[in-house]
Amino acid sequence: MPMKLHDMTQIMQDTARRGVGSRRWQRPVYEHFLPPCNQACPAGEDIQGWLSHAQAGAYEEAWRALVANNPMPAVHGRACYHPCESGCNRGSLDESVSIHAVERFLGDEALKNGWTFESAPSTGKKVLIVGAGPAGLSCAYHLARQGHTVEVRDAAAEPGGMMMHGIPAYRLPRTELQQEIARITAMPGVTLTCGVKVEDLAKAKVEGGFDAVFVAVGAQLANHLNVPTGDGKRLVDAVSLLDDVSEQKKPQLGRVVAVVGGGNVAMDAARTAERLGAKDVVIVFRYDKDHMEALPGEAAEAFAEGVKIRWLNVVDHFGADGITVENVTMNADGSVTPTGETTMLAADSVVMAVGQHSDLSLLATMPKITVQKNDTVAVDATTLMTGEAGIFAGGDCIGG
Ligand code: SF4
């Protein structure tokens with residue numbers, strides 16, 4: 001008689017199996033892993049869970065399943081570089097499931113229909129969050145859902161952090177961003193205070209009677225190159241440029257703009273320069289194409305808009321009419337070697353997009369918290385707690 005085993009899907013014909021003894025009773029071993037899309041999602045979404053609701057047309061259930069992990073689907077459905085789709089198994093058959101587009105649709109449906117978050121009864125615990133960027137707001141949401149009282153403070157005049165001041169509006173429209181932020185700050189127990197910089201975290205914690213603190217100050221200070229500026233023309237950093245544009249200012253960059261750097265911020269700065277009227281935008285990047293730092297999609301969009309790039313070039317010095325760049329060669333260990341061959345690049349403005357770091361001066365009175373060499377806070381990889389009990393950190397100030 002066929003025998004059905006509880007952990008096998010097929011009927012096992014035990015009389016047809018070869019071998020004797022234990023081989024006849026070997027069972028498959030099941031190991032449980034995250035699906036590749038979930039594994040790739042930085043927000044940790046249960047993608048196949050919410051997609052199955054969406055496929056059934058149950059959009060509110062889909063949205064609720066999605067926001068169990070990520071409270072800003074309209075934002076991520078626009079600004080996220082969707083690594084989930086690169087991980088999608090369906091891509092090896094025909095093409096990946098359009099997770100990003102469905103997420104955006106669900107986010108927009110929620111805004112259109114006024115769906116709001118649920119939260120647990122108050123726990124009586126009070127948490128201070130420093131920074132109202134993506135990490136701080138997400139933390140506020142998850143704590144409020146669990147019934148904790150949360151106070152979010154941000155030095156800027158409005159919440160959003162790099163979503164508001166770093167990602168250009170052509171990639172992330174401000175209406176949806178502001179609506180999704182407002183839905184978080186309207187949750188019971190959440191208070192948002194903008195325009196207030198926390199200077200001394202230890203003092204703020206004691207004075208406010210907070211049970212815990214989450215530091216999410218981001219990385220909004222621009223790095224600079226240690227090269228001579230001479231009587232160089234207009235030299236701006238990409239963070240300030242993108243911030244100015246987000247505030248509806250119109251920086252005058254001129255017709256020819258050089259952007260130094262090769263990451264996503266460099267691409268945003270280059271595309272923004274074009275939108276400000278530059279006719280010729282050239283990125284100067286120290287590595288070759290195989291070592292591009294920007295995401296391929298971001299770079300492809302910039303190049304499609306006419307942005308040019310000089311691979312294997314470093315800045316030698318800034319001059320009155322532009323910058324002098326030097327050709328370099330790449331070494332096997334990833335370093336570069338100058339060749340001595342230089343070229344003068346005419347440019348009306350030079351935009352520096354060579355990375356950012358955090359202002360962590362608020363931690364100066366907490367000696368148990370370690371600030372690492374690259375200006376990031378050391379935290380436990382699982383709990384995100386710093387060396388000081390009850391003080392946690394996340395987002396760009398721990399390195400993303
Ligand atoms: S698009 Fe959404 S689901 Fe995909 S990786 Fe980004 S946040 Fe995750």
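**Briefing: helix packing, ligand shell, sheets and domains**

Helices H2 and H6 cross in a left-handed manner. The model is a predicted one. Its protein chain is divided into domain 1 (36–113), domain 2 (126–220 + 358–398) and domain 3 (224–356).

**The H2–H6 pair**

- Helix H2, which spans residues 47–55, packs against H6 at an angle of about 65°, and the two axes are 11 Å apart.
- On the H2 side the contact is formed by Ile-47, Trp-50, Leu-51 and Ala-54, and on the H6 side by Ile-99, Val-102, Glu-103 and Leu-106.
- By class, the residues of this contact comprise 7 nonpolar and 1 charged, with no polar residue.

**The shell around the ligand**

- The residues surrounding the ligand are Cys-41, Pro-42, Glu-45, Ile-47, His-76, Cys-80, His-82, Pro-83, Cys-84, Ile-99, His-100 and Glu-103.
- Sorted by class, this shell holds 7 nonpolar, 3 polar and 2 charged residues.
- Helix H5 (83–87) and helix H6 (99–113) each provide at least two residues of the shell.
- The greatest share comes from H6, with 3 residues.
- Ile-47, Ile-99 and Glu-103 belong to the ligand shell and also take part in the contact between H2 and H6.

**Domain arrangement**

- Domain 2 is made up of two segments, 126–220 and 358–398, whereas domain 1 covers 36–113 and domain 3 covers 224–356.
- Between domain 1 and domain 2, the C-alpha centres are 25 Å apart.
- Their contact draws 15 residues from domain 1 and 16 residues from domain 2.

- Strand S7 (residues 256–260) and strand S8 (residues 280–284) run parallel and are joined by 5 bridges.
- Within this part of the sheet, Val-260 stands opposite Val-284 of S8.

**The antiparallel sheet of three strands**

- A further open sheet has 3 strands in the order S10-S11-S12, and the pairing is antiparallel.
- Its edges are strand S10 (313–319) and strand S12 (336–346); each has a single partner strand, so one side of each remains without a neighbour in the sheet.
- From one strand to the next, the twist averages 25°.
- Strand S11 (residues 322–330) runs antiparallel to S12, and 8 bridges join the two strands.
- Ile-323 stands opposite Leu-345, a residue of S12.

Notes. Residues are numbered from 1 along each chain as its sequence is written. This is a predicted model: local features need pLDDT of at least 70, side-chain atom pairs count only at pLDDT 80 or more; totals for chains, interfaces and linings use all residues. Side-chain values use heavy atoms; hydrogens and water are left out. A residue is near a molecule or strand if one of its heavy atoms lies within 4 Å of it. Helices (H or I, at least four residues) and strands (E, at least two) are DSSP runs, numbered from the N terminus. Ala, Val, Leu, Ile, Met, Phe, Trp, Tyr, Cys and Pro count as nonpolar, Asp, Glu, Lys and Arg as charged, and the others, Gly among them, as polar. Axes are lines fitted to C-alpha atoms, for helices over the stretch in contact, and angles run from 0 to 180 degrees between N-to-C directions. A crossing is left-handed if the near helix is turned anticlockwise from the far one by less than a right angle, and right-handed if clockwise. Contact means heavy atoms within 4.5 Å. Two strands pair if DSSP finds at least two bridges between them. Domain bounds come from an automatic or database domain assignment.
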